[in-house]
Amino acid sequence: MKKKITIREFLLETGNFPNLTGFYPLCRAVEIVREKGHISITKELYPQLAEEFNSTAAKIERAMRHITADRITLKQYKDLLGLAKRPTVSEFIYNFALVGG
């Protein structure tokens with residue numbers, strides 16, 4: 001990674017703004033993983049986020065996937081995070097929480 005950057009800064013620099021449904025859940029996911037360390041993404045994290053954001057785990061996952069898979073280019077991942085490939089939502093959360101920012 002080239003420089004330390006917060007999750008919010010990364011999302012804003014890649015053109016993802018707070019009006020997107022997955023913006024705040026993705027930020028909160030990174031915060032939770034930083035606090036707890038390793039956590040089961042599908043069994044613990046998504047349900048917790050769903051409860052916090054009054055949604056379902058499937059909708060939370062899809063909203064975050066929309067940002068990480070559809071709205072951030074491979075070049076942006078490489079330039080800002082030093083990643084060689086597009087990460088899954090889980091990889092993105094762990095990479096950012098434990099390595100980045």
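1. Let me begin with the order of the elements: from the N terminus on, the protein chain runs α-α-α-α-α-α. That makes six helices and zero strands. Please keep in mind that this is a predicted model.

2. Next, the overall dimensions. For 101 residues, a compact globule would have a radius of gyration near 13 Å, and the 12 Å of the protein chain agrees with that. The C-alpha trace spans about 35 × 25 × 20 Å along its principal axes.

3. If you take the contacts between residues at least 6 apart in sequence, 57% of them join residues at least 24 apart.

4. A word on surface and charge. The accessible surface of the protein chain is about 5,600 Å², and carbon and sulfur atoms account for 54% of it. There are 16 positive and 11 negative side chains, with the centres of the two sets 5 Å apart.

5. Now to a spot I would like you to look at: Thr14, in the loop between helix H1 (7-13) and helix H2 (23-36). Thr14 counts as buried because its relative accessible area is 6%, and the cut-off is under 20%. Its side chain reaches the backbone oxygen of Phe10 at 3.0 Å. Leaving aside neighbours within four places in sequence, Thr14 is in contact with Arg71, Ile72, Gln76 and Leu80.

6. Which side chain does the side chain of Thr14 join in a polar contact of 2.9 Å? The partner is Asn16, which lies in the loop between H1 and H2. With a relative accessibility of 0%, Asn16 counts as buried.

7. Stay with Asn16 for a moment. Besides the 2.9 Å polar contact with the side chain of Thr14, the side chain of Asn16 makes a polar contact of 2.8 Å with the side chain of Arg71. Beyond its neighbours within four places in sequence, Asn16 is in contact with Leu11, Phe23, Ile67, Arg71 and Ile72. Arg71 and Ile72 are also on the contact list of Thr14, so do view these residues together when you check the side chains.

8. Finally, a backbone detail. Asn54 is not a glycine, although it has a positive phi of about 50 degrees. You will find Asn54 in the loop between helix H3 (41-52) and helix H4 (57-71). Its relative accessibility is 73%, and Asn54 therefore counts as exposed, the cut-off being over 50%.

Technical notes:
Residues are numbered from 1 along each chain as its sequence is written. This is a predicted model: local features need pLDDT of at least 70, side-chain atom pairs count only at pLDDT 80 or more; totals for chains, interfaces and linings use all residues. Side-chain values use heavy atoms; hydrogens and water are left out. Helices (H or I, at least four residues) and strands (E, at least two) are DSSP runs, numbered from the N terminus. The radius of gyration is taken over C-alpha atoms; the globule rule is 2.2 Å times the number of residues to the power 0.38. Contact means heavy atoms within 4.5 Å. Accessible areas come from the Shrake-Rupley method with a 1.4 Å probe; for residues, only the protein chains shown count as cover. Lys and Arg count as positive and Asp and Glu as negative; His and the chain ends are not counted. The place of a charge is taken as NZ of Lys, CZ of Arg, CG of Asp or CD of Glu. Buried means under 20% relative accessible area, exposed over 50%, partly exposed in between (1.4 Å probe, protein chains only). A polar contact is a pair of N or O atoms within 3.5 Å; within protein, one must be able to donate a hydrogen and the other to accept it, and residues adjacent in sequence count only if both atoms are side-chain atoms.
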